[in-house]
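Reader: I should like to learn how to read the features of a protein model. May we take them one at a time, with the general idea before the particular case?

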Amino acid sequence: MMPALSQRSTPDMKFSLSSSLNPAGKYPSSEDFCHDDVVCTVLPSSTQGSGFIYSQKLKKLFLKTESTCSFDVKCELSGLFSTQGWFVRVMLVSLAPESQHESIMRCHNHLAKDKAPEHIKEHVVRCKNVRHEYVGTGNGTFFEDRCAVLVPLDPEDLSVKIMLQFMCQNTCFHPNQRRTGLVFTLENDQGHIWARRMVQIKICINYRRDMQNEENPPVARRTAKNHSTKLTSVAGLSGNGSKRRYTSKNNRYRRQVSTGHAHEVMQSDLSHSPPPNLEPCLVDIEMPNLRMAKRLMDIAIGMISTQVLRANDPQTKAQLMQHIANIRHKRDMLVVNNSQCSVDSDLL
């Protein structure tokens with residue numbers, strides 16, 4: 001049995017509405033949340049079926065396009081709540097920190113082949129329930145503007161089985177958005193969020209192969225993890241410089257990425273980091289392959305993006321944004337051959 005994605009707590013009868021329950025004007029969040037007076041669980045109805053499979057090890061759902069899978073949503077409320085007017089909003093979001101403010105849009109290829117009515121063509125996630133409503137637009141920014149589907153809860157037992165279908169693959173999305181999660185939010189008729197659950201999801205062609213590759217990386221990739229990473233700071237070089245060298249004899253890739261301090265590239269937690277002290281330098285990092293090099297550059301973009309949000313000086317923000325533009329440009333120049341798995345596989 002799969003462990004329930006739930007949070008249980010004893011109601012404390014504090015009925016003051018926190019401002020955090022109101023998502024209006026905010027970007028969607030993927031963090032699990034549950035109010036003290038509410039219990040909410042979201043589970044895939046089955047661990048595998050026609051066109052999908054759930055990885056217990058990764059806590060992630062793999063499925064192919066246009067396949068249908070279902071999720072069981074069950075809620076419990078304290079006695080202070082009415083059981084009327086509750087619904088679940090289902091939304092596909094990016095899990096990459098640097099792109100959570102961007103909506104996920106459909107690719108032109110799948111969109112051109114879609115025979116659905118015009119008002120739902122922009123929606124990657126489709127619902128097969130009898131009672132449901134599509135909301136939002138393809139270029140929506142804030143939570144209330146994003147493409148999503150609303151499904152009402154049965155007032156008798158506050159539960160519902162939500163059947164979903166997915167119309168694009170993860171590789172159809174922007175490279176920064178290929179790590180995706182399906183976010184379920186429990187809301188009342190006023191649109192306030194009382195619970196949030198997230199299930200990692202990957203939409204791909206060969207879903208079983210991709211799950212196996214992510215659960216058990218190939219030997220070459222596992223071996224690469226054991227090798228140390230060469231990191232050197234080249235002082236006095238321009239922050240706008242970048243260089244890639246390929247050595248055929250040793251089959252090694254070298255990547256130089258412009259960032260702030262070299263130690264900031266390796267830092268994993270920026271929650272309490274001080275404001276950036278900009279001293280542009282050039283960092284030479286030797287990586288086992290291009291896929292890992294691109295992933296490292298994505299991490300660097302996310303870390304610098306965090307500093308952009310914290311910076312108060314417009315000039316500092318502009319300099320940081322230039323660093324991000326440089327890294328994105330060089331990252332997009334790397335071409336990764338699709339050999340044993342989809343391009344967006346998390347094989348590190």
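Reader: What volume does the second largest pocket have?

Author: Rolling a probe the size of a water molecule over the atoms shows where empty space is left. On a 1 Å grid over the protein atoms alone, a pocket is an open set of points with protein on both sides within 12 Å along at least five of seven lines, whereas a cavity is a set of points where a 1.4 Å probe fits but cannot get out. Grid points are joined across faces, edges and corners, and a volume is the space filled by probe spheres set on the points. For the second largest pocket this volume is about 150 Å³. This is a predicted model, in which local features need pLDDT of at least 70, side-chain atom pairs count only at pLDDT 80 or more, and totals for chains, interfaces and linings use all residues. Residues are numbered from 1 along each chain as its sequence is written, and side-chain values use heavy atoms, with hydrogens and water left out.

Reader: Which residues line the second largest pocket?

Author: Lining residues have an atom within 4 Å of a point. Here they are S29, S30, E31, L95, P97 and Q100. By class, this lining has 2 nonpolar, 3 polar and 1 charged residues. Ala, Val, Leu, Ile, Met, Phe, Trp, Tyr, Cys and Pro count as nonpolar, Asp, Glu, Lys and Arg as charged, and the others, Gly among them, as polar.

Reader: How many cavities of 30 Å³ or more does a search of the whole structure find?

Author: The search finds 4. The largest cavity holds about 140 Å³ of space, and of the 15 residues in its lining, L92, I104, V124, C147 and A148 lie nearest its centre. Two or more residues of that lining come from each of β7 (87-94) and β10 (148-152); strands (E, at least two residues) and helices (H or I, at least four) are DSSP runs numbered from the N terminus. The most is given by β7, with 3 residues. The lining of the largest cavity comprises 9 nonpolar, 4 polar and 2 charged residues.

Reader: Is N188 buried or exposed?

Author: Buried means under 20% relative accessible area, exposed over 50%, and partly exposed in between (1.4 Å probe, protein chains only). With a relative accessible area of 10%, N188 is buried. N188 is found in the loop between β12 (180-187) and β13 (193-203). Its side chain reaches the backbone nitrogen of H192 at 3.0 Å. Apart from its neighbours within four places in sequence, N188 is in contact (heavy atoms within 4.5 Å) with G85, W86, F87 and W194.

Reader: Why is helix α5 described as largely enclosed by the rest of the structure?

Author: The description holds because 16 of its 21 residues are buried. Helix α5 covers residues 290-310. The expected span of a helix is 1.5 Å times one less than its number of residues. At its N-terminal end, α5 is capped by N289, of which a side-chain oxygen lies 3.3 Å from the backbone nitrogen of R291.

Reader: What is phi of K59, and what is phi of L158?

Author: Most residues other than glycine have a negative phi, and most peptide bonds are trans. Phi of K59 is near 55°, a positive value, and phi of L158 is near 50°, also positive. K59 sits in the loop between β4 (52-55) and β5 (60-63) and is partly exposed, at 34% relative accessible area. L158, in the loop between β10 and β11 (159-166), is buried, at 7%.

Technical notes: A polar contact is a pair of N or O atoms within 3.5 Å; within protein, one must be able to donate a hydrogen and the other to accept it, and residues adjacent in sequence count only if both atoms are side-chain atoms.
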